[in-house]
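Please keep the sequence and the model in view while reading.

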Amino acid sequence: MARNYREQSKMLEWAYFEGEIVPFKDANVSIGTHSLQYGTGAFAGIRAYLSADGETLNIFRLKDHAKRLLNSARLLRSEIDLTPDSLAQIIVDLLEKNAPSNDTYIRPFFYKPAVQLTPRLRGIGDELGVYMLPLGDYLPTTGVKVIVSTWLRVPDNVIPSRGKITGAYVNSSFAKDEAEEQGADDAIILNTSGKVAEGSSCNLFIVRDGTLITAPITSDILEGITRRTMYELAVDLGLKIETREIDRSELYIADEAFLCGTGVQVAPIASIDGRKVGDVPGPLTAQISDRFFKMVRGQLPEYSHYLTPVKVKVSV
Ligand code: PMP
């Protein structure tokens, strides 16, 4: 079989690597790289949406992503000297250079480049890489099927769950495989206390009796930026919202449920462990999702501060 691992036709041409913009095909590291061997990297996933008028790509909540990524890097004791503003500027410059003409996914990545045998965090150097690719819907936005995984979420005092740390995504990968092998789209992962944590790469909301409910950031979840956005939208819409621990059995009697995250955006859940969830999308999910998609496309001026507009070449 041809080894086509480095097929990269989907990637945008330019990447940021070791302090400069280079062709993506040249942005390569050694097989001995510490972060590759030990999972000592931290990453972000950011979306840039083509504006409703098709003239601009709007990066959604860039500063918040930059700040969370730097915090993840801090957890890994990174000594890289960047601020949220300077990191955001690197991303904007690269997006301008690539000038894509459609929705784009941005993947900045801190890693420890040293070819070094000892698993440790300190004193082995830090680098930043950024690459980009076109991305449409990652999960269907018309109703997904999920299972509750038999794998438990990595607890914060094993690998910090609030950081987007590469090694911890082995946990997400186990859960995702389990879901797909059972014919589902994604898995809900419980934490080691048996409470609901999140999806394999997304947060979760349920609705019970007209109240939106999401797990607290101390339930071993990623501090999701879309989750925070959902919260803000709910408050602005005057909806009732609670942040509290969620039991597994509540999933089975929820009136509505949805996953949210940069990749999945807002994905209403149609069934959980074979049990049908109310209407898909339910009324609150539909309301919040409608506002979300308008917001990211720049159609709600009151949220324009969350968008970083980048002028790009548009296909005619
Ligand atoms: N949880 C996990 C484990 C994730 O990987 C993601 C995706 N970043 C999320 C939640 C959602 O976070 P965000 O809304 O910031 O993308």
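Helices and strands are here DSSP runs, at least four residues long for a helix and at least two for a strand, numbered from the N terminus. By this definition, the chain holds seven helices and 17 strands. The model is a predicted one.

The overall form may be considered next. Along the principal axes, the C-alpha atoms of the chain fill a box of roughly 50 × 50 × 45 Å. A compact globule of 316 residues would have a radius of gyration near 20 Å, and the value for the chain, 20 Å, agrees with this. Of the 316 residues, 50% count as buried. Among contacts with a separation of 6 or more, 71% join residues 24 or more positions apart. The accessible surface amounts to about 14900 Å², and carbon and sulfur atoms contribute 51% of that area.

Attention now turns to helix H4, which comprises residues 169-181.

Which residues of H4 are buried? They are Asn171, Ser172, Ala175, Lys176, Glu178 and Ala179. Viewed down the axis of H4, these buried residues fall within an arc of 160 degrees, and therefore line one face of the helix. In general, an α-helix has 3.6 residues a turn, so residues three or four places apart point the same way. After H4 comes glycine 183, with a positive phi near 80 degrees.

Key:
Residues numbered from 1 in each chain as written. Predicted model: local features only at pLDDT ≥ 70, side-chain atom pairs only at ≥ 80, totals over all residues. Heavy atoms only, no water. Expected span 1.5 Å × (residues − 1). Buried < 20%, exposed > 50% of the residue type's maximum accessible area, 1.4 Å probe, protein only. Arc of directions from axis to C-beta. Rg over C-alpha atoms; globule rule 2.2 N^0.38 Å. Contact = heavy atoms within 4.5 Å. Areas by Shrake-Rupley, 256 points an atom, 1.4 Å probe, with all protein chains shown as cover.
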